[in-house]
Amino acid sequence: MANLRIEHLNKRYGATTVLKDINLGIEDGEFVVLVGPSGCGKSTLLRMIAGLDGVSSGDIHIAERCVNTLAPAARGIAMVFQSYALYPHMNVRKNMTFGLKFTGVAPAERERRVAEAARMLRLVDLLDRYPRDLSGGQRQRVAIGRAIVRQPAVFLFDEPLSNLDAALRVSTRVEIANLHRVLKATIVYVTHDQVEAMTLADRIVVMNNGRIEQVGKPLDLYYEPANLFVAGFIGSPAMNFFDAKVETIEGGRARVAGAGFLNLDLPAASLKVGDTLTLGVRPEHLVRGVNGPFAAEGIVELVERLGEASFAYLRRVDGRMFVAEVRGRRTPSRGETVTLVAAAPDVHVFDASGIRVAMPIASWSDGAIVQS
Amino acid sequence: MTAEQRAKSLGVHLVLIAYSLLAVGPILLVVMNSFKVRSAIFGSPLAPPDAATFSLVGYEKVFRSSHILTYYSNSLIVTLVSMALVLLFGAMAAWALTEYRFRGSTALALFLSIGIMVPIRLGSVAILNMMRSAGLNDTLTALILVYVAQGLPMSIFILSEFIQQIPRDLRDAARCDGVPETRIFFEVVAPLLRPAIATVAVFTIVPIWNDLWFPLILTSSDSTHTVTLGVQQFLGQYITDWNSVLAALSMAILPVVMIYVILSRQLIAGLTSGAVK
Amino acid sequence: MAEPVSNITAQMPRAKLAGLLLFFLGPAVVIYTLFSIYPLVATMALSTYTSDPSGARSFVGLANFETLLGDALWSKPFWNALGNNLIFFAVHMCMQNPIGIALAGLLSLPGLRLKGFYRTVMFLPTMLSVVIVGFSWNLILSPLWGVAAGALKAVGLGSLFAPWLGLESSALVTLSLISVWQFVGIPMMLIYAALLNIPEELIDAARVDGLGQFRIFFHIKLPLVLPTISLVSVLTFVANFNAFDLIYSVKGALAGPNFATDILGTFFYRTFFGNQLQLGNPTMGAAVATVMFFIILLGLCLYLFLVQRRIRRYAF
């Protein structure tokens, strides 16, 4: 087991830069998930850690050793691929031992490791089967087993669940979490699915456009997104955004106005008159009522009923839409005008460049709505 | 099925049966008559041999007056050795060209593809000179070298397409496992190229077995003739002896047909696999 | 984002990469260069030399080509062979492609039974040696045996029979048709494969739109397999202008009657090796090979610049 340190890492293909100045430290035994939309560079970063793609500039350290020029096998990593990448012409046992042959592991030791991994992953009865005779979930477990027997310092997972059906995805997710608990291994895991990221990670790295947008614990990202991208990416349905402007500052309070919500007073903090802001409120934090520091109004256009909750899509006065989660059996009907409010800590404020503005929560008070 | 559909399907089958007859009729005719006495060959050419007309006189003659078994073994040696080398060297080159990026790789790929379109036959004058000065004239080695050079461009092209279809993850997984590059090729990639063999065979091996040109210019003695050349010369010599001619033709046809019928499923699958577009 | 090839070479030490390339590419490149490219170049070089009876060679520039195209003793057979070769190719284009397309179209009809049987049988002649095929047809069409004459008589067309292979007027076309008969399997199979690659949903969509099988074939399938048809055509072109075996085995090196079936391949062979009428002349042979090379090159260029550019490839 080992830690992992990435410093000023860049990746260029010809003229296009795929990764820009990536800095990231991962502790021994930590489970880190790289998440982001497709094309954000997360898979490239993983392949660079594995040594499958070259480094343009910067350094990758595994266990305090710079591995930039080392071949994949010399880095002490093992990788689990999205397509499983099982050798189709070898049975399960051979798939797991094939790599060990070349790294000087004695035959008896190979057998011992395979037996142990097979027991852990419930593969004992499948050892003599070929990949084509296995189900998707079984193949996935073989792929993980092949990584385990190598006893790597760092496990790399590249979207390992995306080829599984929904039910299997949930159970395999639990299995991977258990595995991490048992092996106490350092894991870097790439996915585009935020549920996987939230449920598995000790820390999540949100990437976009070749950059790291934010690194943090799952709930920190949810409750304190560092910028508009993270705010919009984490959470489903996505956070609602409202354009706003600071009109006046009086007595430590900034009055903010914009389309689709009632004027409200924010703690002045670092705000100046004339600042343009973006206010963000998650659908699940909007409730029907009249009392709250933040109140938005809209006409219901569509209601999606999911059961325990429903999502109401509302059109604001400026023509844009926002979404609110409505719990329970009574849902608003189409055409109805609804006012929704949110509590102070649930209103996220971002400045003109999209960076979070810290709001001293203590200085908020309820009932700060200003009727205009 | 409605009556109209049935009539249509019947029409389609009639056309296909008619063409099938046209395709195998001449071959059947030759093979059938090779087993008959001379009078029956001319008297009732379309009738299959029966007890009265059956005769192997033509085959006896072929065995007696030509080295047909030597020809067979020469053809077999030349074709099998060429095939092994074309597949081995072709797959190795295709692997390097598709997997490794290096300066000049595109130029090298272009250079190697010249031979797909430009027939090596046009270099025959120089090939003959070379083989003469190397002392390889009238040897099977000369034929094998030329056929390997002739088959490589097409086999590299076909095998590259197959190698590209092997998932990249598989090679990456092997690299993460610490498998050396040469072993990745021989133990991971090569076993997965088995379906490509049929395609390569149709486009490079069958032409080798059937070739007349190079045996004609590169071999001069009976001991190095291939079946195609040997039968061609035999036919020229015994042109009026119909029994022998038909027997010699049949002996060239039958092994190919037998192998073809056994392997036809794989061969046709290889042709239609989409690797050659 | 991800690259099509592994970037593994980026981390490899130079010496190791060089070693790997040498190992994997070395054998193929050496054999191919030595026995394919070098002979081609050497042949072209040889075409600018002439040899006297003692065997000594001297450089003559383009004199061989002037002789070949200007001296009636050479130019008459050359243009005759080129003209015959064009006819040989034209017959292939007019017969081989349409028959191949039609058979492939029938074979790819949905729900056709015995598909595998038909395919196997119809591809069989392609697997045989040209020599064997040519000679077998020679026998069948021979008036001595009388099989062809008998077959025509049986359907009431007995008066149409003639010793086609022996007549100056019909020998070349007959040989071309024998070649078509043998090689029609290749366009059939390649087009059949291309037809199978057309997604079934596309055909279903056309059926829902109310098109019959016939229209579906002409308006949907055929345009989609056009790239394959053009590829088959260029393969046929190269093969035709390089053909030799069939004429040689049926008609001999003299390509009779009276050179009526002489094509570039047989002309090249006679020039190079000689025959009853003339002595072999390696340097003139090299000149003929060089001209053949440029004819094939010209055809390939025409294909690349005129045909292939205009043909659209569709991705499904």
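# Briefing on a predicted multi-chain model

For chain B, the unreviewed UniProt entry lists residues 72–263 as "domain: ABC transmembrane type-1". The model is predicted, and in it this span is 79% helix and 0% strand, with its end C-alpha atoms 19 Å apart.

**Confidence in chain B**

- Chain B has a mean pLDDT of 86, and 98% of its residues reach 70 or more.

**Annotated spans of chain C**

- UniProt, again in an unreviewed entry, lists several spans of chain C as "transmembrane region", among them residues 20–41, 121–140 and 284–306.
- Residues 121–140 of chain C are 90% helix and 0% strand, and the end C-alpha atoms of the span lie 20 Å apart.
- Residues 284–306 of chain C are 100% helix and 0% strand, with 32 Å between the end C-alpha atoms.

- A:Lys42 belongs to helix 1 (residues 42–50) of chain A and counts as buried because its relative accessibility is 4%, under the 20% cut-off.
- A polar atom of the A:Lys42 side chain lies 3.2 Å from the backbone oxygen of A:Gly36.
- Beyond its neighbours within four places in sequence, A:Lys42 is in contact with residues including A:Leu34, A:Glu159, A:Thr191, A:His192 and A:Met207.
- One of these contacts, A:Glu159, lies in the loop between strand 7 (154–158) and helix 5 (166–183) of chain A.
- A:Glu159 is buried, with a relative accessible area of 10%, and has a positive phi of about 40 degrees although it is not a glycine.

**Aromatic pairs and a cluster**

- Over all chains, a search of the whole structure finds 46 aromatic pairs.
- The pair A:Tyr87 and A:Phe98 is edge-to-face, because the ring planes are at 75 degrees, with the centres 5.2 Å apart.
- This pair links distant parts of the chain, 11 residues apart: A:Tyr87 is in the loop between strand 6 (77–80) and helix 2 (92–101) of chain A, and A:Phe98 is in helix 2 of chain A.
- Both residues are buried: A:Tyr87 has a relative accessible area of 0%, and A:Phe98 has a relative accessibility of 1%.
- B:Trp95 and B:Phe185 form a tilted pair, 6.1 Å centre to centre with 45 degrees between the planes.
- B:Trp95 lies in helix 4 of chain B and B:Phe185 in helix 9 (residues 181–189) of chain B, so the pair ties together parts 90 residues apart in sequence.
- B:Trp95 is buried at 0% relative accessibility, and B:Phe185 is buried with a relative accessible area of 2%.
- One aromatic cluster is formed by B:Trp213 with C:Phe244, C:Tyr248, C:Phe268, C:Tyr269, C:Phe272 and C:Phe273.

**Charges over rings in chain A**

- A:Tyr87 also has A:Arg146 over its face, at 5.0 Å from the ring centre.
- The charged end of A:Arg282 sits over the ring of A:Tyr222, 4.2 Å from the ring centre.

**Backbone geometry in chain A**

- The peptide bond joining A:Ser236 and A:Pro237 is cis, with omega about -5 degrees.
- A:Pro237 is in the loop between helix 8 (228–233) and strand 11 (240–250) of chain A.
- A:His8, in strand 1 (residues 4–13) of chain A, has a positive phi near 45 degrees and is partly exposed at 49% relative accessibility.

How values were computed: Residues are numbered from 1 along each chain as its sequence is written. Chains are lettered from A and ligands numbered from 1 in the order in which they are written. This is a predicted model: local features need pLDDT of at least 70, side-chain atom pairs count only at pLDDT 80 or more; totals for chains, interfaces and linings use all residues. Side-chain values use heavy atoms; hydrogens and water are left out. UniProt positions are given in the numbering used here, feature names are shortened, and annotations may be inferred rather than shown by experiment. Helices (H or I, at least four residues) and strands (E, at least two) are DSSP runs, numbered from the N terminus. Buried means under 20% relative accessible area, exposed over 50%, partly exposed in between (1.4 Å probe, protein chains only). A polar contact is a pair of N or O atoms within 3.5 Å; within protein, one must be able to donate a hydrogen and the other to accept it, and residues adjacent in sequence count only if both atoms are side-chain atoms. Contact means heavy atoms within 4.5 Å. pLDDT is the predictor's confidence in each residue, from 0 to 100. Rings of Phe, Tyr and Trp (its six-membered ring) pair if their centres lie within 6.5 Å; planes under 30 degrees apart count as stacked, over 60 as edge-to-face and the rest as tilted. A charge sits over a ring if NZ of Lys or CZ of Arg is within 6 Å of the ring centre and within 35 degrees of the ring normal.
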